[in-house]
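Here's a quick tour of two spots in a protein model. Have a look at the picture, then read on.

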Amino acid sequence: MWGDSQAVIGFPKITKPYIYLYIQHPTSFQKHNSATLNLQRYLKIDMSPTATAENGNVRSSHEAAGSIFDIGNSDFLKMLERPRTINVERKRSFDERSFSDLSNIEHLEYMSSSVLNTITPKSCYDSHLMVSDAWETLRRSVVHFRGQPVGTLAAVDSSVEQLNYDQVFVRDFVPSALAFLMNGEEEIVKNFLLKTLRLQSWEKIVDEFKLGAGVMPASFKVEHDQVRNNDTITADFGESAIGRVAPVDSGFWWIILLRAYTKSTGDSSLAELPECQNGIRLILSLCLSEGFDTFPTLLCADGCCMIDRRMGVYGYPIEIQALFFMALRCACFLLKQDDVGKEFVERITDRLHALSFHMRSYFWLDLKQLNDIYRYKTEEYSHTAVNKFNVMPDSLPDWVFDFMPSRGGYFIGNVSPARMDFRWFCLGNCVAILSSLATPEQSAAIMDLIEERWDELVGEMPLKICYPTIEGHEYRIVTGCDPKNTKWSYHNGGSWPVLLWLLTAACIKTGRPLIARRAIDLTESRLSKDHWPEYYDGKSGRFIGKQARKFQTWSIAGYLVAKMMMDDPSHLGMISLEEDKQMKPLIKRSASWTS
């Protein structure tokens with residue numbers, strides 16, 4: 001059948017169901033939407049005032065054709081060109097309704113009505129209304145500073161106390177920024193990048209301790225003084241956060257977003273500003289400084305990333321390592337090749353080699369590696385040790401043996417001396433795919449795992465932030481009896497719709513679009529009806545989170561980005577990095593090598 005993302009030749013934003021929906025419900029389309037304008041040009045519809053009939057219907061430029069809205073289904077089908085043959089590698093994600101079926105269709109006219117009904121006008125119409133609702137709500141969240149848009153609020157739920165949801169969070173704004181970039185609205189993204197860059201230069205003191213110069217804020221708040229008619233900004237670098245932890249991920253997301261802006265607009269002048277170049281170097285200086293670490297990974301406190309409460313992710317969490325890797329690669333693209341820039345690029349290259357080897361070797365888990373760990377010997381002392389981190393096989397959790405499929409694998413949550421956190425973390429694994437930290441084989445294995453463990457990782461609402469939940473005595477020890485992180489809730493196994501955009505991007509990159517389509521369909525079944533909650537609770541994500549904010553901005557933006565990437569996969573380029581063939585480290589003989 002024709003999938004939603006199968007475009008008309010020469011009109012990349014026009015899909016067959018899109019044309020069908022336009023003919024059935026023309027008034028529901030935005031007049032100046034780029035896809036709508038492309039469609040009108042494709043159907044040769046004259047939008048001039050003189051061509052508009054008294055009843056408001058648009059007339060075709062071909063007089064004999066009559067009104068475009070009078071065209072029957074059979075005539076409509078004949079207007080479409082013969083489909084192209086598409087050769088795709090068959091995977092389990094490409095089922096009997098996959099793109100590969102197109103090779104068996106001799107002409108679109110032979111498509112039966114039952115095939116067209118698989119994408120019904122009603123479902124397309126409902127999807128279009130949901131997209132319109134999402135954009136309207138997203139625009140309501142836009143924050144202005146002295147008349148300029150500078151970001152989006154975390155949520156616009158007026159039914160509960162605002163707390164810090166009335167602030168612009170760096171990590172939260174990323175999907176909003178991508179949505180605006182994909183829609184050709186660049187100003188707000190540019191303003192955000194410059195405003196947060198200026199906040200980076202502020203002196204940052206927490207309890208009389210001065211933070212590093214490169215630390216980016218977790219969030220900022222714009223306050224308007226009605227008496228003086230003036231706007232002021234208050235930034236939070238962790239001094240107001242739960243646990244008083246500085247955000248390690250903010251600087252990485254800033255670099256990643258700057259690269260996305262540059263790729264989307266084709267304008268490198270922003271990144272080349274001396275202020276931006278200095279901001280990148282300050283962030284990198286924090287991460288590349290030498291210390292006592294024997295690992296290339298970054299040592300972090302609990303609560304320093306999206307999981308911003310105590311959840312046992314201290315040490316070397318996968319989310320931070322994947323973002324670190326991606327930010328380093330983006331920085332190579334952004335840094336100017338002057339004397340200072342070249343020095344940083346050399347340091348980055350050395351770190352990338354070490355980091356990629358470490359992550360692919362020690363964080364990766366599949367059935368073979370699990371069996372190897374199960375058989376580990378302990379107390380090994382020498383350069384030839386197999387169990388390098390002295391992990392006790394008895395510490396393997398029971399659930400991981402049932403969770404690991406025969407096909408598939410993933411990067412585990414954390415690796416440090418005598419400790420492996422075997423939990424699945426969605427964000428870290430998706431970013432590993434997008435940054436090419438994961439090899440093509442590992443990327444495919446992560447997709448296989450998601451497909452095999454769909455009920456556990458996706459359930460009724462995409463997408464589990466981590467799996468499984470922790471409960472009982474472990475919950476009390478790890479979370480400190482956190483009332484928000486009870487089992488299958490919030491960061492403790494809750495389902496977060498914002499992760500949909502990351503999954504969709506990873507699916508497109510790995511050639512598994514039907515996984516993304518299935519997840520988007522689940523999201524469209526209720527996310528808008530539930531008023532865009534922040535997260536869902538329950539083992540399958542059935543219930544709206546007990547403390548979840550409604551109209552959560554990144555839930556809205558995550559859906560929009562996923563939809564736009566499926567409609568136009570070329571958008572993936574702004575957030576995806578291809579594998580660096582030179583990244584594979586040279587194999588060197590260790591001191592234990594003997595002739």
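**A hairpin and a helix pair**

In this predicted model, Asp225 stands opposite Asn230 in β11. Strands here are DSSP runs (E) of at least two residues, helices are runs (H or I) of at least four, and both are numbered from the N terminus. Since you're looking at a prediction, local features need pLDDT of at least 70, side-chain atom pairs count only at pLDDT 80 or more, and totals for chains, interfaces and linings use all residues. Residues are numbered from 1 along each chain as its sequence is written, and side-chain values use heavy atoms, with hydrogens and water left out.

**The strands**
- β10 (residues 219-225) pairs with β11 (residues 230-236) in the antiparallel sense over 7 bridges; pairing takes at least two bridges found by DSSP.
- Their hairpin has 4 residues between the strands, and Asn229 takes a positive phi near 50 degrees there.
- β10 also pairs with β7 (residues 168-169), again in the antiparallel sense, over 2 bridges.
- In that pairing, Phe169 stands opposite Ser219 in β10.

**The helices**
- The axes (lines fitted to C-alpha atoms over the stretch in contact) of α9 (residues 274-288) and α11 (residues 339-363) come within 11 Å and cross at roughly 40 degrees, on a scale from 0 to 180 degrees between N-to-C directions.
- From α9, Arg281, Leu284, Ser285, Cys287 and Leu288 meet Val340, Phe344, Arg347, Ile348 and Arg351 in α11, where contact means heavy atoms within 4.5 Å.
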